[in-house]
Amino acid sequence: MKLELKNPTHVVFGEGKIARLPRLIPAGTKVFLLYGGGSIKRNGVYDQVMAALQGYPISEFGGIEANPHYETILAAAAQARRDGSEYVLAVGGGSVIDAAKFLTSAITTDEADPWDAFFHKRYPKHILPVGCVLTMPATASESNAVSVISSTERHLKYPFANEAARPAFAIMDPSTMASLDKRQLSNGAVDAFTHVLEQYLTLPGNTPVQHGYSEVLLRTLIEWGPKLLADNSPEARETVMWAANQALNGLIGAGIEQDWSTHYIGHAITALYGIDHARTLTLVMPSLLRFKRDDKLQMLVRYARNVWGITETDERKAADLAIERTENFFRDMGLPVRAGDLEGIRVVAADVVDHMERAEQTKLGERGDIGPAEVKRILDMAA
């Protein structure tokens, strides 16, 4: 096993912690406040943030989309430059935080249209620091370096990674989840679940700590995801928010050849059809696991035994049962698992493949053996 792991994000977890903002952002700093469609003004989070930052010079930009648009971020960057902003504060879910991390580089770049430069990892040396107040758990964007951004002009959705943009701090107050509807809650919990599987159902290796912790997270989400939908209790909010963070903060994937093919295919589907990110993952993942069952057999059997408690002795049958249980969990959480579950939308495999080719995503999976032909077969299986 070989790995490097660094996560300097200062996590502040618990109810009422938004009041800690003045301890995290130096006094007098010009703050650029970034948020989404305005829900933070309806649920009281905005008022808490403004009360905590009383006396700070603040510039606001709202309207970040559920799948953040590159063009919107460029408009935010232009405003931040005009206002002389010194610190980006994202208040919202993973999309707002993704946008903030991309924004910190867009503010200071000399490129008028930096998509291609950032696509090839040419980021400016100096970027603004970013902090965040998380309101919807799902992506662990609050403590990782990845931003997934859509360009409406290019018709592309692509993940960017800039370690320098990893948030300096993340306030995680589970009470901010109280106003979320069941669709948002189910999307978040299942998104986190698939993040674990992308790092767990890969190549076996001498990583018992990472795999063991992955199993804990999977069992936790299987138990507490439905509880969160049932009553949105403080205990369920705390548990799912923390599990979602741990699912993608770097720990369980350290030293592991990760997959992420389901996410890349899902990104293309979202870019083409506007389907919720988590729903594209549940649409793809069961069929992808069936397609790759024999290649992933050893870890699928471990998953069957240690997560689902399956005792079937035939390994292929055990793997199939584990995939079936996964699919049923997605259904129970209210998400689609077949293209036929999508109302009024027809997913065209050729269009998805075209998107992936334009995004240079043609060798997917932990083995790099999922190309355009394989993607088409997987989508045919999910029809």
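In which segment is Met1 found? Met1 is found in the segment before strand 1 (10-13). The close-up views below show a predicted model, in which local features need pLDDT of at least 70, side-chain atom pairs count only at pLDDT 80 or more, and totals for chains, interfaces and linings use all residues. Residues are numbered from 1 along each chain as its sequence is written, and side-chain values use heavy atoms, with hydrogens and water left out.

**View 1. A nonpolar surface patch that includes Met1.** Met1, Leu3, Leu5 and Leu251 form this patch, and together they have about 380 Å² of accessible area. Accessible areas come from the Shrake-Rupley method with a 1.4 Å probe, and for residues only the protein chains shown count as cover. A patch is made of residues with over 30% relative accessible area and no salt bridge; nonpolar side chains (Val, Leu, Ile, Met, Phe, Trp, Tyr) are joined within 5 Å, and like charges within 9 Å. Met1 is exposed because its relative accessible area is 61%. Here exposed means over 50% relative accessible area, buried means under 20%, and partly exposed lies in between (1.4 Å probe, protein chains only).

**View 2. The surroundings of Thr207.** Thr207 sits in the loop between helix 7 (182-200) and helix 8 (208-231). Helices (H or I, at least four residues) and strands (E, at least two) are DSSP runs, numbered from the N terminus. With a relative accessibility of 5%, Thr207 counts as buried. Leaving out residues up to four places away in sequence, Thr207 touches Met1, Gly255 and Ile256, where contact means heavy atoms within 4.5 Å. Thr207 and Ile256 are 49 residues apart along the chain, and their C-alpha atoms are separated by 7.6 Å.

**View 3. A negative patch on the surface.** Glu15, Asp231, Glu235 and Glu238 gather here. Asp and Glu count as negative and Lys and Arg as positive, while His and the chain ends are not counted. The place of a charge is taken as CG of Asp, CD of Glu, NZ of Lys or CZ of Arg. Glu235 belongs to helix 9 (residues 234-247), and its relative accessibility of 46% is why Glu235 counts as partly exposed.

**View 4. Ser261 and its contacts.** Ser261 lies in helix 10 (residues 261-273). Its relative accessibility is 0%, so Ser261 counts as buried. Apart from neighbours within four places in sequence, Ser261 is in contact with Glu198, Leu288, Leu364, Gly365 and Ile370.

**View 5. The salt bridge between Glu223 and Lys227.** Side chains of opposite charge can pair when their charged atoms come close. A salt bridge is a side-chain nitrogen of Lys or Arg within 4 Å of a carboxyl oxygen of Asp or Glu, and the structure holds 18 of them. In this one, the N to O distance is 3.1 Å. Both residues lie in helix 8, four residues apart, which is about one turn of the helix. Glu223 is partly exposed, with a relative accessible area of 43%, and Lys227 also counts as partly exposed, at 34% relative accessibility.

**View 6. The salt bridge between Lys296 and Asp259.** The closest N and O atoms of this pair are 2.7 Å apart. The two residues, 37 residues apart, link distant parts of the chain: Lys296 is in the loop between helix 11 (277-291) and helix 12 (297-306), and Asp259 is in the loop between helix 9 and helix 10. Both Lys296 and Asp259 are buried.

View 7. Asp354 counts as partly exposed at 37% relative accessibility, as does Arg358 at 36%.

**View 8. Positive phi at Ala140 and Glu360.** Ala140 is not a glycine, yet its phi is positive, about 60°. Ala140 is found in the loop between strand 5 (130-136) and strand 6 (146-151), and counts as buried at 1% relative accessibility. Glu360, not a glycine either, has a positive phi of about 60°. Glu360 lies in the loop between helix 14 (349-358) and helix 15 (372-381), and is exposed, with a relative accessible area of 56%.
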